[in-house]
Amino acid sequence: MSLVTTDWAIDRVTRNIRYIGDDHGGVSPSYASGIELHRWLGDLSDDSASILDDQLDRTDPVASKRSTDFIIRLKGDYNVDDNAIEHLYDCSITQGVVGVNQVIYDGITVFGNSSNIQLIQNGAHLPDDWWNSNNGLNPDASKGISHRFLIKVHDFISNGGDIDRRYIIGTVRNWNKTWKEFTIAGTERGKNTLALDEQPDLNNTNTTGVISALIGMSNQNEGYVGIDADGNASNEFYYSSWTKGANSTNDLYEYTKYVAREGAGGSLYGLPSAVFRGITHEINYDAEAGGLFSEASSIAFGNGSVAQILALKDDGSSGTLWVQLLTGSIPADNDTITQGGVTALVSGSPADVPVQAPFIGSSTGSAIIGNFGIGISSVLTTSDQLTDLTGATVSPPDIIGFTVANLVDTQGSVTVYPWDGVAVDGEGNPVEQRDQMSVDGVLSGVSETSVVVANIPDNTPDSGSLRVVLNSGKTKHLFYSGYSGNEFTIISADFSSDNAGNGNDIWVAYLDTVPGDVSESFTYTYGSDSKVVVSVRDPIGLIEPFITSATLGNITQTINTIRSSDA
């Protein structure tokens, strides 16, 4: 689009160059490149007399100087305002005097296909996204350009100079689309590139109404938190603890996009959700004094930069901060850190952490591949992958389900016991393996709350029941709430009248109950294949006992009871 002369005015006295045409939402707004503005000003400066609103002729000083077609300097007191800048593109405009009143607007060219992009400048989301007007100002589809516009990056009077090092972050966070961000680490004169494309997100297909109505999803901890995601009885550490309730893992992925999408309100880690990006730097510190730093709050560095603490590991007078840098540059060794009355010194060189959007990571549709430090406390599968705050990749264990179906509610019994793969009865049916484990010690108290065994086998459920052989030869049914090492924590049980001696047989009762429904299930963390015997007895229903073997492997399975008549 060429410069429309009737949409511009120049005041000879003030040297103001102003856009006076329709605004972006008007009937016929117009836009011009920087070189078009320069050529028009040059044409006016050799006129014998000014015409209408253009109070400029050959008696006035020359208004502009061109370094290149994309670098224009307004001379003397000639100036444009922020409104005029919204109608220019493909250039930088510099005006005023260095160190006195200089203002610089640099050109931004967006390569991509989104009509809705956002900018973060000086640690804040720019609230007026006028560049998205009319589905993107000054596009050039033939070159893959979605937007061309100018942004103020230097203002000596209002900002003392450069606005946050002329640092700009472009983002696309549109619903049902893939997300991306691109950083210009200090704009230059002329045109600066943002690469911000988007595609349909095949794992984000629900409406915002559907996702917002889901319950049970939240971040239970905004800060340093331990989670045993790999099931090895030792916590890894993250800066979040997302839960998904009864929802799917992909629902969680969509939910985290929902809370940080373009236009979302609320906050994350004390930041407006549209500004939250995740960890950008890891900073060690020492010489802490005046108290403790607080998570989800800002800190200031001696170099003038500001960051938000997303996670804090405090080791006393030293520790580690995981932050999102908001303004300025990352500090150097021994730079000061301040938060209220708390102070410390940077220890060593801070480490950069690459930022990826969306902040949670990516979804395969059934699994999450988490970004650095993202923790999920809900049960995951081996297909999921997390990265803890040390940078270590964490793969959750296989949580496998085993179901016995075609039962009759509250009738008969169903058991699943271990089998050694060899022992059978006189009819060739597998027989439970009672010596799967052995008691280490003696159970003789009136209120025993733990059982130590020689070893706990793979595939033992996190909670469930046991059968132990007493000295009398009888068996006792025990219920455990968990185990660690070789010790089960059991619900209090009385062994005072019939002890379980050292070495007595004890085995896992994977199922050992009267059916409470038409099926009964248990889950286990897969370690290696092991065999079990499944038994269903229902004399009330007049069926023959159903006995079969199965393997606890790394796939979920269902055993359907065959109910043969015993009438």
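The largest cavity in this predicted model has a volume of about 40 Å³. The structure holds 1 cavity of 30 Å³ or more. By cavity I mean a set of points, on a 1 Å grid over the protein atoms alone, where a 1.4 Å probe fits but cannot get out. Grid points are joined across faces, edges and corners, and the volume is the space filled by probe spheres set on the points. The lining of the largest cavity consists of Arg173, Trp179, Glu181, Phe276, Arg277, Val355, Gln356, Ala357, Pro358 and Phe359. A lining residue has an atom within 4 Å of a point.

Some ground rules. This is a predicted model, in which local features need pLDDT of at least 70, side-chain atom pairs count only at pLDDT 80 or more, and totals for chains, interfaces and linings use all residues. Residues are numbered from 1 along each chain as its sequence is written, and side-chain values use heavy atoms, with hydrogens and water left out.

Two of the lining residues, Phe276 and Phe359, bring me to the aromatics. Phe276 and Phe359 belong to one aromatic cluster together with Trp175, Tyr239, Trp242, Tyr255, Tyr258 and Tyr269. Rings of Phe, Tyr and Trp, the last by its six-membered ring, pair if their centres lie within 6.5 Å; planes under 30 degrees apart count as stacked, over 60 as edge-to-face and the rest as tilted.

The structure holds 21 aromatic pairs. Why does the pair of tyrosine 224 and phenylalanine 237 count as stacked? The ring centres of tyrosine 224 and phenylalanine 237 are 4.8 Å apart and the planes are at 5°, so the pair is stacked. Tyrosine 224 lies in the loop between strand S17 (218-219) and strand S18 (225-227), and phenylalanine 237 in strand S19 (residues 236-238), so the pair ties together parts that are 13 residues apart in sequence. Strands here are DSSP runs of E with at least two residues, numbered from the N terminus.

Tyrosine 224 is partly exposed at a relative accessible area of 23%, and phenylalanine 237 is partly exposed at 33%. Buried means under 20% relative accessible area, exposed means over 50%, and partly exposed is in between, with a 1.4 Å probe and protein chains only.

Another pair is phenylalanine 522 with tyrosine 524, which is tilted, at 6.1 Å centre to centre and 40° between the planes. Phenylalanine 522 is buried, with a relative accessible area of 7%. Tyrosine 524 is also buried, at 2% relative accessibility.

The charged end of arginine 165 sits over the ring of tyrosine 167, 4.3 Å from its centre. Lysine 476 lies over the face of phenylalanine 495, at 5.6 Å from the ring centre. The criterion is NZ of Lys or CZ of Arg within 6 Å of the ring centre and within 35 degrees of the ring normal.

Now the strands. Two strands pair if DSSP finds at least two bridges between them. Of the 9 residues in strand S9 (residues 103-111), 8 are buried. Which strand pairs with S9 in the parallel sense? Strand S16 (residues 191-195) does, over 5 bridges, with isoleucine 108 partnered by asparagine 192 in S16. Strand S12 (residues 145-155) runs antiparallel to S9 and is joined to it by 9 bridges; aspartate 106 stands opposite isoleucine 151 in S12. Strand S8 (residues 92-95) is also antiparallel to S9, with 3 bridges, and isoleucine 93 has tyrosine 105 in S9 as its bridge partner.

Strand S10 (residues 118-121) points Gln118 and Ile120 one way and Leu119 and Gln121 the other way, and all are buried. S10 pairs antiparallel with strand S14 (residues 167-172) over 4 bridges, where leucine 119 stands opposite glycine 170. S10 also runs antiparallel to strand S11 (residues 124-125), with 2 bridges, and isoleucine 120 faces histidine 125 in S11. The hairpin of S10 and S11 has 2 residues between the strands, and asparagine 122 takes a positive phi near 55° there.

Last, an open sheet of 4 strands, in the order S42-S35-S44-S45, with antiparallel pairing. Strand S42 (511-513) and strand S45 (546-552) stand at the edges with a single partner strand each, so one side of each is left without a neighbour in the sheet. The antiparallel strands S44 (residues 530-537) and S45 are joined by 7 bridges, and valine 536 stands opposite phenylalanine 546 in S45.

Notes. 1 Å grid on protein atoms, 1.4 Å probe; cavity = no way out; pocket = protein on both sides within 12 Å on 5 of 7 lines; lining within 4 Å.
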